[in-house]
Amino acid sequence: MKTKLWDLFITFFKIGLFTFGGGYAMLSVIERETVQKHQWLTTNDMMSLVVIAESTPGPIAVNAATYVGFKQRGVLGAIVSTFALVLPSFVIISCLYFVIDALIGNRWFDAAFKGISCCVVVLVLNAFIKLAFNEKQDWFGWLAMICATIVSLFTEFSVVLVILIGATIGLIIYLVRDKNSLPLSKKEDEQ
Amino acid sequence: MIFLSLFWEFFKIGLFTIGGGYAMLPLIMQVVGDMGWMEQQTFINFVGVAESTPGPFAINIATFVGMQTGYETFGIWGGILGAICATLGVVLPSLVIIMAIFSVIVRFENSKLVKGFLYGAKPCAMGLILSAFITVFLSAVAPDVNLTFGQQSSWEGFSWISLGLVAFFVTLSQIKIKKKKIHPLMLIALSAVIGILLFGVFQL
């Protein structure tokens, strides 16, 4: 059955309206809505989405909205999803613009945000657990993951380079294994 | 023309920054300064607000800069038009690039090159999420800690209450009601209320 444009609109409007803390916290909400609720994506699709969203230009949440919209309903779906994601921010910021001086350093506003930022931590953690333990990873997967974590935590190395270097090494290992026809690649060919 | 240059500058920012809103921040700051759109202090103040309002960080910033720039010369409608131009500019590159990449990936999904590429790229992407988790965890619990090599860092701002709150939400997020975990959006709403109570009313 064709996904309704209205469903895409409502879903991403909700995501845009209620998610704080940037793209990584949104992943948790996007997973819940698109994988579990609507089944527009599988968890494996979701992982590809994260790879693409992280290694291409632009805000991660916008990339994700475009990806899901385009997958379900083509160009129109991509435009509707992205528009819906951006709309709440746009309206909220335009309104806040006139009261911004009152908000800066406001006690209640800061208190609410302090609570939210503790919750955002948990959302990012859950997104990580859900995605990282979805498939069985081999030794290379774990090693690459740990290296990428350390490099991006302790250095200012560019995110794209981390992914590109990892992808290149992965590709070489994959092709070498494929040539020697080790069990891993055989199994995937049969599927 | 101010609206065209808003669109164009944010289009370039959307096109050239990879890794989400925070990666865009230094670039936007530079552009805003170079174009004389607003005082640096106004911008820095707003960054704090953009972090604590809903929606993608980059969109919030683009809307604000557009609004401020248009409003100063053309009033309210100018502000709204400016916000539209800046937001459209920052979103457009993603829209086009993602659609192009998705088309390629779908067509070559079973090719060894794409499979091998994802075989290496996926764990790195997971690593980046893990590092994002550690970063947001530290900024919530001990905001003065900076892990980047060679930067100043201290544990002075460490808060047991924030750590307890994180632990509380970890537990809450695992609880199942009618076989379903609590929706993440519910958790966010709840966390705002708890934040107001703990840090606002009781001033912990």
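How many residues does the contact take from chain B and from chain A? The contact takes 84 residues from chain B and 95 residues from chain A, where two residues are in contact if their C-beta atoms, placed from the backbone, lie within 7 Å. The model is predicted, so local features need pLDDT of at least 70 and side-chain atom pairs count only at pLDDT 80 or more, while totals for chains, interfaces and linings use all residues. Residues are numbered from 1 along each chain as its sequence is written, and chains are lettered from A and ligands numbered from 1 in the order in which they are written.

On the side of chain B that touches chain A, at least two residues each are supplied by helix 1 (2-16), helix 2 (21-35), helix 3 (40-51), helix 4 (57-107), helix 5 (112-141), helix 6 (160-174) and helix 7 (184-201) of chain B. Helices here are DSSP runs of H or I with at least four residues, strands are runs of E with at least two, and both are numbered from the N terminus. Helix 5 of chain B gives the largest share of this side, with 25 residues. Sorted by class, the side of chain B that touches chain A holds 56 nonpolar, 25 polar and three charged residues; Ala, Val, Leu, Ile, Met, Phe, Trp, Tyr, Cys and Pro count as nonpolar, Asp, Glu, Lys and Arg as charged, and the others, Gly among them, as polar.

Turning to the fold of chain B, there are seven helices and two strands, arranged along the sequence as α-α-α-α-α-α-β-β-α. Chain B is more spread out than a compact globule, because its radius of gyration is 21 Å, well over the 17 Å that the globule rule gives for 204 residues. This radius is taken over C-alpha atoms, and the rule is 2.2 Å times the number of residues to the power 0.38. The C-alpha trace of chain B spans about 55 × 55 × 45 Å along its principal axes.

Of the 204 residues of chain B, 42% count as buried, a label for residues with 20 or more other C-beta atoms within 10 Å of their own, these atoms being placed from the backbone. One of the residues in helix 4 of chain B is Ala86(B), which is buried, with 32 other C-beta atoms within 10 Å. Not counting residues up to four places away in sequence, Ala86(B) touches Leu6(B), Phe7(B), Phe10(B), Ala62(B), Thr63(B), Val65(B) and Gly66(B).

Definitions and conventions
A residue is buried if 20 or more other C-beta atoms lie within 10 Å of its own, exposed if 12 or fewer, and partly exposed in between; C-beta atoms are placed from the backbone.
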